[in-house]
Structures are given as structure tokens and as C-alpha cells.
Amino acid sequence: MMKILTPRLGSPLLLAALLGACGSPIVNPVSGQAERSVMSEQMELTEGAKAHQDVLQEYGVVKDARLQAYVNNLGQRLAKQSHRGQLQWHFTVLDSPEVNAFALPGGYVYVTRGIMAYLQNEAELAGVVGHEIGHVTARHGAQRATRQQDAGLGVLAASVLGVVLESQGVSGAGRLASDLSQTVASGYIASYSRDQELQADSLGAEYLARTDYDPRNMVNVINSLKSQERFAADQARAEGRAAPTSGSWLSSHPSNDQRLQQISQQAAQFKGNYADDGRARYLQAIAGMAYGESADQGLTRGQNFYHADMGIAITAPAGWKIQNEASQLALVNAARDAALMIQVAPAKAGSSHDEVIRNLLKPSQGRTERLTLNGLQATRFVGSRASKQGDQAIDATLVTGPRGTVFVMVPAGKNATALQQARAGLAQAQGSFRAMTAQDRAAARPWTLRTTPFPNGGFAQLARSSPLPQAEAQLRLINGFYAGGEPRVGQVVKVVE
């Protein structure tokens with residue numbers, strides 16, 4: 001939470017170069033056919049390396065050398081069996097609860113700890129990684145860049161999660177006006193084509209078979225993640241809101257029954273001895289991994305949000321939701337048409353409130369009011385700034401946290417009416433911003449994955465000692481039994497502590 005940066009997956013220099021390129025024939029490593037491309041292999045390597053640094057900064061990596069080595073070793077084994085084994089491949093576990101996996105051109109593959117929590121064995125992880133390797137080996141990012149140039153749509157350099165993504169730096173208020181369900185300014189997304197996804201499936205299955213994993217595990221992965229999306233939809237319905245538009249690995253991967261059937265048919269083409277799915281190794285590797293938010297990102301516990309490193313806490317009004325994103329924190333009202341947006345002022349904006357107002361908010365006019373917020377130095381600024389669309393209103397409160405960090409809080413609404421109706425809740429939320437108390441610190445304990453033998457009392461018994469909300473449903477979900485059934489008594493299963 002609260003990293004002020006705009007992920008730039010593709011530089012302006014590359015954009016200009018690609019737009020000006022006519023494209024040269026390059027032999028596709030998978031098909032063996034020559035295809036016109038605006039990206040050479042060297043360009044893939046160069047831009048992949050640049051974008052890799054942005055990804056690491058945006059997400060952060062899981063600080064567990066043992067887990068990183070485990071995933072990297074698995075990825076390297078798969079990559080050696082791929083059509084581009086000569087590349088210098090990089091495999092990274094990102095510190096994100098999102099259910100995601102993605103790849104960058106040039107051999108950079110990422111899985112989040114969020115997706116790993118829902119996988120049941122090493123072979124399923126290999127299925128996810130193998131699919132992403134397939135996007136790289138088949139040069140799907142380069143193909144997309146070439147098509148976009150042909151269509152006059154511009155070029156995006158990075159292939160993320162079966163999608164191409166470029167961040168746009170949208171303001172919180174503007175983002176809310178268009179889609180309150182996603183508070184982070186994230187730009188636009190375009191999926192790979194269906195043919196590219198199916199080819200990545202086929203290549204993933206082939207790479208699994210070459211590495212002695214049963215390719216049918218790719219089907220298991222999709223069914224497992226479909227359950228995860230079903231759980232999210234069930235929770236939304238129970239709370240009387242629309243099912244979320246998924247940002248998960250499946251969101252850009254066609255996941256209907258026909259596609260599952262095609263994957264099954266592709267997997268059945270490979271024959272081999274696939275007895276070991278690596279379940280024991282996998283459970284041992286993820287034991288101790290954070291579940292949900294990590295301490296570095298800040299923790300949501302009920303109506304409270306805690307960030308121990310920054311030393312701050314805030315409480316959402318009853319019925320409001322806390323949305324913790326990489327670039328900001330949002331406390332969103334029940335109607336989902338207004339929110340309090342909180343970001344960290346970048347160091348380059350200055351250390352004093354006046355400097356941050358001048359350098360970050362860039363007002364043309366306005367007034368300041370000095371105040372304190374639960375003992376913390378605060379400043380409210382109300383004014384406007386000039387823009388091409390005319391004067392834009394500014395209403396922001398700056399607070400210096402106990403560690404010297406300057407936080408910027410901005411009320412945002414879908415429209416003026418929504419903002420006015422939410423005023424009381426916005427004031428309550430802002431007024432709860434505080435330095436962490438001893439009670440807050442006791443509540444701010446990260447959740448971790450552990451393993452235990454499945455008890456006679458089943459998931460209901462495990463749920464009684466779990467800190468999770470809707471514990472039984474979530475325990476079923478992470479163990480692959482959300483649709484029903486149970487493991488055998490004594491089988492090792494995942495729990496959250």
C-alpha cells in the first residue's frame with residue numbers, strides 16, 4: 001500500500017522506435033515460420049530488463065530466499081524444455097495477494113504469492129508457469145506490438161498476465177467517477193487473442209509433459225481459480241453488491257467450458273509416467289508464506305487498517321470497505337460512489353506541508369488551515385488548479401505521520417451529490433487517522449499459511465481456530481474443496497494462522 005509510483009512497462013523511447021519501425025521478418029521459435037515483427041529479440045531482452053525493475057519496485061518480492069529458489073528452480077527446468085531454452089530466464093514470486101501470474105518479453109516470468117495460495121501442488125504451479133513461458137516463447141508480446149502498429153493503436157512493450165498494460169496516472173477522483181470498484185489508477189487492459197491463449201495453453205501442456213508433470217494439471221489450475229472467482233462472487237452477493245470484475249489470472253484467460261474441454265483434449269495428447277505431482281514439496285515450500293496482505297503492505301482487519309512500518313492506523317465507518325492497493329488506500333462507502341483516498345507524498349515533493357501542496361497539488365489559488373489530527377500535525381488545503389479543462393477544485397488534508405511520512409487524504413465522489421451525502425462518513429474516516437496504539441499493534445498481526453493433518457471434525461473444526469472471516473469457506477477454497485467434498489482424515493492440508 002501507498003507506494004507513489006507509476007509503473008511504466010515500456011519506455012517512451014521504445015514507443016517511438018517501434019512506431020517508426022517498418023518491421024523485419026523474424027523466425028518464430030515455436031512455429032518455425034517467418035513473421036514480420038517490430039521487436040527484435042534484442043529489443044525484447046532490453047525492454048524486458050527495464051520493465052523488470054519497474055515490476056519489482058511496484059510489487060516488491062517475497063522476502064523468502066527458500067521460496068524464491070524453489071520457484072526459480074522449477075521455472076528453469078520448464079524453460080530448458082521450451083522453444084527458447086537459450087534465453088536467460090528469470091522467475092520471481094511477487095509480494096502481492098492478487099491472484100496473478102504474468103510474463104514480460106525476454107524471459108521474465110512472475111507469480112504472486114496470492115495465486116500460489118490457491119494451488120495444490122507443484123504440478124499446478126508448473127502449469128501456471130508453463131503457460132506464461134509459452135507466451136514468451138511464441139513471442140506473443142512482439143506479435144501484439146506489431147498488430148498495434150499496423151492498426152495505428154500505438155505500441156505497448158510489456159505483456160502482463162496475458163494482457164498488455166500501461167499505467168496512465170489517473171487521479172483518484174477521476175477514477176472513482178468511472179469505476180469505484182477499482183481504486184488504483186491502473187490505465188487500460190487489452191487481452192491476448194483467444195488463439196494466443198490457446199497456444200500458450202498448448203505450449204504449457206507440452207512443457208509440463210517434457211518435464212514429467214501431468215499436463216492435465218493445467219485443467220486443475222483453471223478449475224481451482226474458477227472456484228476462487230466463485231467465492232468472490234458469493235461474498236459479493238451476500239453483501240448485496242455486484243460480483244467483482246476480476247483482476248485475477250483468469251480475467252484475461254477465456255475460461256468457459258469449451259476452453260476447458262480444449263485444454264483437456266490437448267493435455268490428453270501427451271502420454272507419460274506422471275505419478276509425482278510434487279504436493280509434499282509444494283506444501284513445504286509455501287509453509288510460512290503470508291496469506292492476504294503482508295505487513296509491508298499494511299493489514300486490513302475488519303474496519304481497521306494498520307501499517308506498522310509507517311506507524312499509522314485508520315478506521316472505516318460501519319458499512320464502508322477498505323481497499324488496499326499498491327499506490328493508495330481507499331475507504332469506500334456502502335453505496336460505492338464516494339471514498340476517502342489516501343496516498344503517501346513522494347519524497348521529491350518535499351518534507352513540509354507547504355512544499356507538498358506547492359509541488360504535488362500545484363494549486364493556482366487557495367487557502368490553508370493548520371490543525372492537528374489525533375495529535376498529528378495536519379494541514380487542510382482548499383483551492384483550485386488550472387488545467388486544459390478549466391479550473392479543478394482541490395480539497396486535500398495533509399498529515400505527517402509518526403515516522404515523518406506525509407500522507408495526503410482526498411475525499412472523492414462519483415458526483416457532487418454523492419460527495420455531499422458521504423460527508424459525515426468521510427469526516428469520520430479522516431478523523432480516525434492516528435498513530436498506532438498498543439491495541440492497534442496487537443491487532444496488526446499478519447496471517448501465514450501453515451499445514452496440518454485434516455481432523456475428524458473436518459473444515460468446521462479447523463475454522464473454529466482460524467482468524468479468517470468466513471473461515472470454513474476460505475479453508476475449503478485454499479484446499480480445493482470449495483465445491484464440496486473433503487480430504488481424507490490425516491491428509492496434510494493448508495490452514496491460516
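This report describes the predicted model of one protein chain, from its overall make-up to selected residues.

## Basis of the model

The structure is a predicted model, in which local features require pLDDT of at least 70 and side-chain atom pairs count only at pLDDT 80 or more, while totals for chains, interfaces and linings use all residues. Residues are numbered from 1 along each chain as its sequence is written, and side-chain values use heavy atoms, with hydrogens and water left out.

## The chain as a whole

The chain contains 17 helices and 22 strands. These elements are DSSP runs numbered from the N terminus: helices are H or I runs of at least four residues, and strands are E runs of at least two. Of the 497 residues in the chain, 53% are buried. A residue is called buried under 20% relative accessible area, exposed over 50%, and partly exposed in between, with a 1.4 Å probe and protein chains only.

The chain exposes about 21300 Å², and carbon and sulfur atoms supply 50% of this area. Accessible areas come from the Shrake-Rupley method with a 1.4 Å probe; for residues, only the protein chains shown count as cover. Among contacts between residues at least 6 apart in sequence, 65% join residues at least 24 apart. A contact means heavy atoms within 4.5 Å.

## The second largest pocket

Rolling a probe the size of a water molecule over the atoms shows where empty space is left. On a 1 Å grid over the protein atoms alone, a pocket is an open set of points where a 1.4 Å probe fits, with protein on both sides within 12 Å along at least five of seven lines; lining residues have an atom within 4 Å of a point. The second largest pocket holds about 210 Å³ of space. Grid points are joined across faces, edges and corners, and the volume is the space filled by probe spheres set on the points.

The lining of this pocket consists of 16 residues, and those nearest its centre are Val62, Lys63, Asp95, Ala290 and Ser294. By type, the lining has 8 nonpolar, 2 polar and 6 charged residues. Here Ala, Val, Leu, Ile, Met, Phe, Trp, Tyr, Cys and Pro count as nonpolar, Asp, Glu, Lys and Arg as charged, and the others, Gly among them, as polar.

In helix H14 (residues 423-431), the buried residues are Gly425, Leu426 and Ala429. These residues lie on the same side of H14 because they cover an arc of only 100° around the axis. The arc is that of the directions from the helix axis to the C-beta atoms. An α-helix has 3.6 residues a turn, so residues three or four places apart point the same way.

## Residues within helices and strands

Ser227 belongs to helix H9 and is buried, at 12% relative accessibility. Leaving aside residues up to four places away in sequence, Ser227 touches Leu477 and Tyr482. The C-alpha atoms of Ser227 and Tyr482 are 6.5 Å apart, although the two residues are 255 apart in sequence. Tyr482 is also touched by Arg476, as are Phe459, Phe481, Gly484, Gly485 and Glu486, with the neighbours up to four places away again not counted. Arg476 lies in helix H17 (residues 471-478) and is buried at 16% relative accessibility.

Gln261, in helix H10 (residues 257-268), is partly exposed, with a relative accessible area of 47%. Ala34, in strand S2 (residues 34-37), is exposed at 58% relative accessibility. Ala34 touches Ile26 and Val27, not counting residues up to four places away in sequence.

## Two loop residues with positive phi

Most residues other than glycine have a negative phi, and most peptide bonds are trans. Asp212 has a positive phi, near 70°. Asp212 is placed in the loop between helix H8 (194-210) and helix H9 (217-238), where it is exposed, with a relative accessible area of 51%.

Asn374 also has a positive phi, near 50°. The loop that holds Asn374 runs between strand S16 (365-373) and strand S17 (376-385).
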